[in-house]
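Okay, thanks for coming, everyone. Let me put the structure up, and then I'll walk you through a few spots in it.

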Amino acid sequence: MSTSPSRPTDPIAAEPALRGLLGDDRVRVDAAARTAYAIDATPLHHGAPDVVVFPETTEEVAAVLRLASEHRVPVVPRGAGTNLSAAAVPHLGGVVLVLTGMDRIRVVEPDNLLLVTQPGVTVATVQAAAAEHGLLYPPDPGSAATATIGGNVATGAGGLRGLKYGVTRDYVIGVEAVLAGGEVIRCGGSATKDLAGYDLVRLLCGSEGTLAVITEITLRLLPRPEGIAVGLAYFDSPAAAGRAVAASAPARYSSSARTAPSRPSRATSRRSPPAAVAPGRPR
Ligand SMILES: Cc1cc2nc3c(=O)[nH]c(=O)nc-3n(C[C@H](O)[C@H](O)[C@H](O)COP(=O)(O)OP(=O)(O)OC[C@H]3O[C@@H](n4cnc5c(N)ncnc54)[C@H](O)[C@@H]3O)c2cc1C
């Protein structure tokens, strides 16, 4: 998120005011912080942040963005920094806005199949909070233990359950976000029928911090399946594996698919004789 196309001449002019807003503990300009937040999980990319800040509320995020906008300082929102596309690397310097301090699940509403959370909560924590109520938050990226739910929404993260259940954007029904100038917006809502106007929720999913900083997320949950199992199958070729996946895909659209684990059908097994498939990074 940048308020200026070029690097500002005095990127840390906002530092004293930032300290006034957040206190000294949550504004870092020391070498350790600037080194740690110069990179994310992407190999070979690094930037050079001038200031690293750790807001804990929507109001603080809004105040930081307002200040950065006034000083024409670029801001890079950041969750856990697990993305692999250098999306949280501060290439232009400026402020890295770390959201891991916004780490509270606000409410779980089992009757409404909803969970409302701040963006810095890890995906695994969201999954566990849903499970406590007998519910399921299906998206399950490989980085779930460390990645934040805000980062998942901002990247539109997928995961191994994507074929059956869909991906992150399929479960986001409401978002509170702060625009570059500090204006707080809310889009979507807790009711499935909240459909009027442009679908800004979908627009923000996958926007990678370029449009707004996401400060609260309302997620749809599902009843937890009675059983969850992991299977391992071997195929003669990638094409055979692909055919097996295609043959099982309609299960996603059946009425029971949202609440019950899928099992490989006999037909699928017969059409997919055992063979090795090269493993890849789960995504
Ligand atoms: C081992 C491993 C496994 C992975 N598995 C998967 C996988 O299965 N599926 C998949 O899709 N990805 C996967 N990834 C990539 C990565 O985990 C995801 O992109 C994840 O969603 C990033 O979350 P994060 O909290 O780390 O965000 P970050 O990496 O910190 O940020 C990612 C982007 O989101 C923006 N952002 C972060 N928080 C906010 C916010 N609150 N508001 C606005 N913008 C924000 C940042 O500016 C940046 O553009 C994996 C990565 C690793 C290292």
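So, let's start with A62. If you skip the neighbours within four places in sequence, A62 is in contact with V178, G182 and V184. Keep in mind, by the way, that this is a predicted model. Now look at A177: its C-alpha atom and that of A62 are separated by 9.1 Å, although the two residues are 115 apart along the chain.

Where does A62 sit? It's in helix α3.

Helix α3 covers residues 58–70 and lies across β2, β3 and β4. Relative to β4, the helix runs at about 170°.

That brings us to the sheet. It's an open one, made of four strands in the order β1-β2-β4-β3, and the pairing is mixed. Which strands stand at the edges? Those are β1, residues 27–28, and β3, residues 75–78; each has a single partner strand, so one side of each is left without a neighbour in the sheet.

Now the pairs themselves. Strand β2, residues 51–53, runs parallel to β4, residues 95–98, and three bridges join them.

One more thing about β3: both of its faces are covered. V75 and P77 are on one side, V76 and R78 are on the other, and all of them are buried.

Okay, next stop, the hairpin. β5 and β6 form it, with four residues between them. The two strands run antiparallel, joined by four bridges.

Take a look at L113, which is in the loop between β5 (105–109) and β6 (114–117). What is its phi? It's near 55°, which is a positive value in a residue other than glycine. L113 counts as partly exposed because it has 18 C-beta neighbours inside 10 Å.

There's another residue like that to show you, E208. Its phi is near 50°, again a positive value in a residue other than glycine. You'll find E208 in the loop between α7 (200–204) and β10 (213–220). E208 is partly exposed, as 17 other C-beta atoms lie within 10 Å.

Last topic: the ligand. How many residues surround it? There are 34, and the closest are G79, A87, G150, G151 and G209. The elements that give two or more residues to this shell are β3, α5 (149–155) and β10. The largest share, five residues, comes from α5. Sorted by class, the shell has 16 nonpolar, 14 polar and four charged residues.

And where does the ligand's shell come from in terms of domains? Both domain 1 (11–98) and domain 2 (105–223 + 260–269) give residues to it, so the ligand lies between them.

Notes
Residues are numbered from 1 along each chain as its sequence is written. This is a predicted model: local features need pLDDT of at least 70, side-chain atom pairs count only at pLDDT 80 or more; totals for chains, interfaces and linings use all residues. Two strands pair if DSSP finds at least two bridges between them. Two residues are in contact if their C-beta atoms, placed from the backbone, lie within 7 Å. Axes are lines fitted to C-alpha atoms, for helices over the stretch in contact, and angles run from 0 to 180 degrees between N-to-C directions. A residue is buried if 20 or more other C-beta atoms lie within 10 Å of its own, exposed if 12 or fewer, and partly exposed in between; C-beta atoms are placed from the backbone. A residue is near a molecule or strand if its C-beta atom, placed from the backbone, lies within 6 Å of it. Ala, Val, Leu, Ile, Met, Phe, Trp, Tyr, Cys and Pro count as nonpolar, Asp, Glu, Lys and Arg as charged, and the others, Gly among them, as polar. Domain bounds come from an automatic or database domain assignment.
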